[in-house]
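Let's take a friendly walk through a protein model. Have the sequence and the 3D view open while you read.

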Protein chains: 2
Amino acid sequence: MTARKSVPATEPLATTPERILQAAERLFSERGIDGVSLREITTAAGVNSASAHYHFGSKNAVLETLFSLRASPIIERREAMLSALQLDRLGRPVLEDVLMAFLQPALELLNTPHGATFTLLRARMVLESGDVKHQVLARTFDRTNEKTLKLLAKALPKLPTKDLYWRFHFMLGTMVYTMAQPGRIESVTKDKIKTSDTQAALEQLIRYTAAGFRAP
Amino acid sequence: MTARKSVPATEPLATTPERILQAAERLFSERGIDGVSLREITTAAGVNSASAHYHFGSKNAVLETLFSLRASPIIERREAMLSALQLDRLGRPVLEDVLMAFLQPALELLNTPHGATFTLLRARMVLESGDVKHQVLARTFDRTNEKTLKLLAKALPKLPTKDLYWRFHFMLGTMVYTMAQPGRIESVTKDKIKTSDTQAALEQLIRYTAAGFRAP
DNA sequence: GTCTATACAGTGATAGAC
DNA sequence: GTCTATCACTGTATAGAC
């Protein structure tokens with residue numbers, strides 16, 4: 001009836017794939033990934049249940065699309081911060097600055113409306129087996145990871161490459177685990193600390209990780 | 001026909017719940033958790049599909065039972081190693097010894113036949129939301145975690161409690177992530193290091209974590 | 001090309017017969 | 001206690017309307 005291409009009323013009107021992704025994101029954040037069926041998503045989006053398969057191919061493909069969509073801001077912000085790093089006269093960055101450039105864009109996502117769902121999706125991609133999911137992760141993150149590794153190597157010129165890789169792996173672990181907010185430490189300490197405090201998490205994480213990277 | 005209570009032939013004969021758990025563990029390790037249905041499990045176990053619900057209540061309850069079953073050896077070994085720690089004349093253990101007592105029992109599980117499934121289950125429990133799963137984790141690990149935290153506090157008398165908690169949380173992250181073998185570092189470094197090398201992982205992990213705990 | 005209606009095999013769960 | 005029958009629901013596939 002009304003114009004369909006220009007002037008998208010307020011918000012609810014959008015292309016079908018977009019509506020599906022929006023509905024999926026909202027429902028996932030409310031009830032987890034397994035707790036939501038494709039039919040619920042398409043119903044909430046106001047589209048037919050088969051259209052999800054037409055546009056995406058499968059439920060998993062919907063998850064992967066949503067993941068890639070929400071990952072790109074992190075990547076872009078990381079790239080920007082990495083490029084803006086101050087270097088000394090030997091071209092070396094400060095370790096803490098590199099860590100900040102890598103970790104802050106990820107951790108800050110927790111304060112956004114998209115954060116919860118993205119973290120769920122990421123944790124699933126990372127920790128569930130399956131070649132497809134690992135390929136998605138590789139396509140998404142490998143380039144920035146390599147860039148970060150090169151900068152870390154410059155910041156730590158005396159560290160053997162092998163140790164550097166191990167420690168980068170460990171850092172990824174703390175990051176993913178912290179973002180997933182498993183609530184373990186809250187349970188043990190009876191809520192005396194809150195890992196959902198992003199600012200504190202970032203400060204603590206950088207101090208801890210920097211010391212780990214500098215270990216003998 | 002033959003005796004049913006005593007003398008369990010070779011192995012395949014066992015109580016129905018045990019057979020279900022055995023079949024579940026084998027199938028999960030082969031094809032992941034979501035890739036296996038309760039019907040497949042009960043069929044492989046040679047029992048009726050309804051018996052799983054009769055004995056356990058739900059598919060999730062089967063997972064939780066299996067998780068608790070495989071977690072207890074880790075807990076016991078941890079307790080034993082923690083109790084056997086050498087203390088100095090002030091009653092203080094060496095940081096690296098505490099970390100070894102905590103991490104070794106977990107990481108060594110990766111070399112056992114049960115390891116793969118347990119790690120899958122643990123990752124799911126930790127990262128999926130849901131009060132029930134968190135309760136299972138708390139019931140399983142909280143006591144040993146508290147014991148470990150006390151020993152860490154003794155090994156690091158000058159570290160503020162808050163920082164100690166944060167760093168313990170970070171250590172849990174590296175441990176869970178490393179055990180889950182997400183293959184990220186292998187992807188970035190084209191298999192130049194293998195996080196599946198348990199011995200190397202343990203050495204690297206302890207050096208890295210000890211430095212993190214000792215950070216200023 | 002996009003969307004709809006409909007159908008299918010397989011899922012976890014349950015009530016009730018044996 | 002165990003098994004059969006059946007439930008509502010899932011992800012997926014396809015034929016055909018616009």
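How many salt bridges does the rule find across the interface of domain 1 of chain A and domain 2 of chain A? The count there is two. Keep in mind that what you're looking at is a predicted model.

Let's start with the layout.

Nine residues of domain 1 of chain A are in contact with 13 residues of domain 2 of chain A. Between them, these domains bury about 1,100 Å², with carbon and sulfur atoms giving 74% of that area. On the domain 1 side, Leu21(A), Glu25(A) and Ile33(A) lose the most area to domain 2 of chain A, and together they make up 53% of what that side buries.

Polar links show up here too: four residue pairs are in polar contact across the interface of domain 1 and domain 2 of chain A. Sort the touching side of domain 1 of chain A by class and you get five nonpolar, two polar and two charged residues.

## Zooming in on Arg124(A)

Find helix α6 of chain A, residues 115-127, and you'll find Arg124(A) in it. Its side chain meets that of Asp34(A) in a salt bridge, with 3.0 Å from N to O.

Is Arg124(A) buried or exposed? It counts as buried, because its relative accessibility is 12%, under the 20% cut-off. Apart from neighbours within four places in sequence, the contacts of Arg124(A) include Ile33(A) and Lys133(A) in its own chain, plus Asp34(B), Arg124(B) and Glu128(B) in chain B.

## Where chain A meets chain B

Now for the contact between the chains. Chain A and chain B each put 55 residues into it. The area buried between chain A and chain B is about 5,100 Å², and carbon and sulfur atoms give 66% of it.

Seven salt bridges turn up across the interface of chain A and chain B. Asp163(A) forms a salt bridge with Arg207(B), where the closest N and O atoms are 3.9 Å apart. There are also twelve residue pairs in polar contact between the two chains.

Which helices of chain A each supply at least two residues of the side that touches chain B? They are α6, α7 (131-155), α8 (161-180), α9 (184-188) and α10 (198-213). The largest share, 16 residues, comes from α8(A). By class, this side of chain A has 29 nonpolar, twelve polar and 14 charged residues.

Terms used: Residues are numbered from 1 along each chain as its sequence is written. Chains are lettered from A and ligands numbered from 1 in the order in which they are written. This is a predicted model: local features need pLDDT of at least 70, side-chain atom pairs count only at pLDDT 80 or more; totals for chains, interfaces and linings use all residues. Side-chain values use heavy atoms; hydrogens and water are left out. Contact means heavy atoms within 4.5 Å. Buried area is the accessible area (1.4 Å probe) that two parts lose on being put together, summed over both. A salt bridge is a side-chain nitrogen of Lys or Arg within 4 Å of a carboxyl oxygen of Asp or Glu. A polar contact is a pair of N or O atoms within 3.5 Å; within protein, one must be able to donate a hydrogen and the other to accept it, and residues adjacent in sequence count only if both atoms are side-chain atoms. Ala, Val, Leu, Ile, Met, Phe, Trp, Tyr, Cys and Pro count as nonpolar, Asp, Glu, Lys and Arg as charged, and the others, Gly among them, as polar. Helices (H or I, at least four residues) and strands (E, at least two) are DSSP runs, numbered from the N terminus. Buried means under 20% relative accessible area, exposed over 50%, partly exposed in between (1.4 Å probe, protein chains only).
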